[in-house]
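Q: Could you show me how to read a structure like this one, feature by feature?

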Amino acid sequence: MKIPLSAPDITEAEIEAVVAVLRTSRLSLGPVTEQFEAQVAASVSVPHAIAVSSGTAGLHLCIRALDIGDGDEVIVPSFAFIAAANAIRYERAVPVFVDIDPVTLNIDPQRIEEAITPRTRAIMAVHTFGVPAEMSAILEIAARRGLIVIEDACEAIGAEYDGRKVGSIGSAGVFAFYPNKQITTGEGGVVVTRDATFARRVRALRNQGRYETDDWFQHTELGYNYRISEINCALGLAQMMRLEEILKKRETVAFGYHQRLNRRPDLVLPSPSLRGRRISWFVYVVRLTFGSDRDRILRGMTDAGIGCGRYFAPIHLQPSYTGYRNSANLAVTETEAQRTIALPFFNNLGTEAINEVCDTLTKLLQKSL
């Protein structure tokens, strides 16, 4: 692709940090992992952070460590990356899909209440595309109904809701650091929490069920190999040192798109700002007005060498979720998902590239008239 959908932002500082680890004899469960965990914990003002092999692994460990299992129900949006629901199914619990708000594309708190049953254990609040979910309403429902709140903040490191960093608001939060994320460890994720007992269990489950009091061949409970290497954490630590710089770069790119496209009547743009919230821009997703041929436009962008994507395909309509279509009404999810296009979006996307993306998209939209 001439202009890719995403690209990591790696500087000499990151390269030097990785090389420094390679010159040591400690490549896993070492001091750099601890430093990375401490940096993430400090950035969201929580006492505990546990680095793991992926955001998906982090979500799974949350479900497991909270003893959510067979037949328990977890409320989750269908308009999200599939890992959110997969993590629930790994423990034989049931994802109950709830519709989204048409403005923010996050879970609609007004729809949560009607989805609660005697089997409901938790709400998974996904901060979709780095836009903070409506946490006050979600927490109020959870407190009143005795439910756990897990924050899927895999797309939202650095985002804020009413002055609080996402991930720190519920019982536990999870960040992810795949190469298309705001910062990257190559592959990796972090679980954050204020609960020391929960953190201790997640740390053990990550490492084959070993607690800190166990020796290497003693396993107190069934665990997993969800460890992350020192190499990954060195990259992540160097990226965390640049987090604010990176978030501002992405805000600039989002503003550039908004300036170029905000007068087009055939597009619905993401809100550039929301009261009481700081968006951590993960992707820039536009929505076509009704009647436009999304697939034709995607093909046209690809033919022009511009990477685009359809974010997201609803989870409840995926082949692997046949039989899980257990929500009464997901009309907003299904409608909005049919008209989304994720435009190229990454830290160092320049004005010239933004203009080319917008010019190409505009030409394709005009052909639809």
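## Rings, helices and backbone

A: Buried means under 20% relative accessible area, exposed means over 50%, and partly exposed is in between, using a 1.4 Å probe and protein chains only. This is a predicted model, where local features need pLDDT of at least 70, side-chain atom pairs count only at pLDDT 80 or more, and totals for chains, interfaces and linings use all residues. Residues are numbered from 1 along each chain as its sequence is written, and side-chain values use heavy atoms, with hydrogens and water left out.

Q: How many aromatic pairs does a search of the whole structure find?

A: A pair of aromatic rings is described by the distance of the centres and the angle of the planes. Rings of Phe, Tyr and Trp (its six-membered ring) pair if their centres lie within 6.5 Å; planes under 30 degrees apart count as stacked, over 60 as edge-to-face and the rest as tilted. Searching the whole structure turns up 11 aromatic pairs. In one of them, F79 and F312 have ring centres 5.7 Å apart and planes at 75°, so this pair is edge-to-face. F79 sits in the loop between β2 (73–77) and α4 (83–90), and F312 in the loop between α10 (294–303) and α11 (331–337), so the pair ties together parts that are 233 residues apart in sequence. Helices here are DSSP runs (H or I, at least four residues), as are strands (E, at least two), numbered from the N terminus. F79 and F312 are both buried. For Y224 and Y226, the centres are 5.2 Å apart and the planes at 10°, so that pair is stacked.

Q: Which residues do ring pairs link into a cluster?

A: The cluster joins F79, F129, Y311 and F312 through ring pairs. Take a look at the backbone there too: the peptide bond from Y311 to F312 is cis, with omega near -5°. F129 has a positive phi, near 60°, and is not a glycine. You'll find F129 in the loop between β4 (120–126) and α6 (135–145), and F129 is buried, with a relative accessible area of 7%.

Q: Where does the charged end of R89 sit?

A: A charge sits over a ring if NZ of Lys or CZ of Arg is within 6 Å of the ring centre and within 35 degrees of the ring normal. The charged end of R89 is over the ring of Y321, 4.5 Å from its centre. R210 lies over the face of W216, 3.6 Å from the ring centre.

Q: At what angle do helix α2 and helix α8 pack?

A: Two packed helices are described by the angle between their axes and the distance between the axes. Axes are lines fitted to C-alpha atoms, for helices over the stretch in contact, and angles run from 0 to 180 degrees between N-to-C directions. Helix α2 (residues 31–44) and helix α8 (residues 230–240) pack at about 35°, with axes 8 Å apart. By class, the contact of α2 with α8 has 8 nonpolar, 5 polar and 1 charged residues. Contact means heavy atoms within 4.5 Å; Ala, Val, Leu, Ile, Met, Phe, Trp, Tyr, Cys and Pro count as nonpolar, Asp, Glu, Lys and Arg as charged, and the others, Gly among them, as polar.
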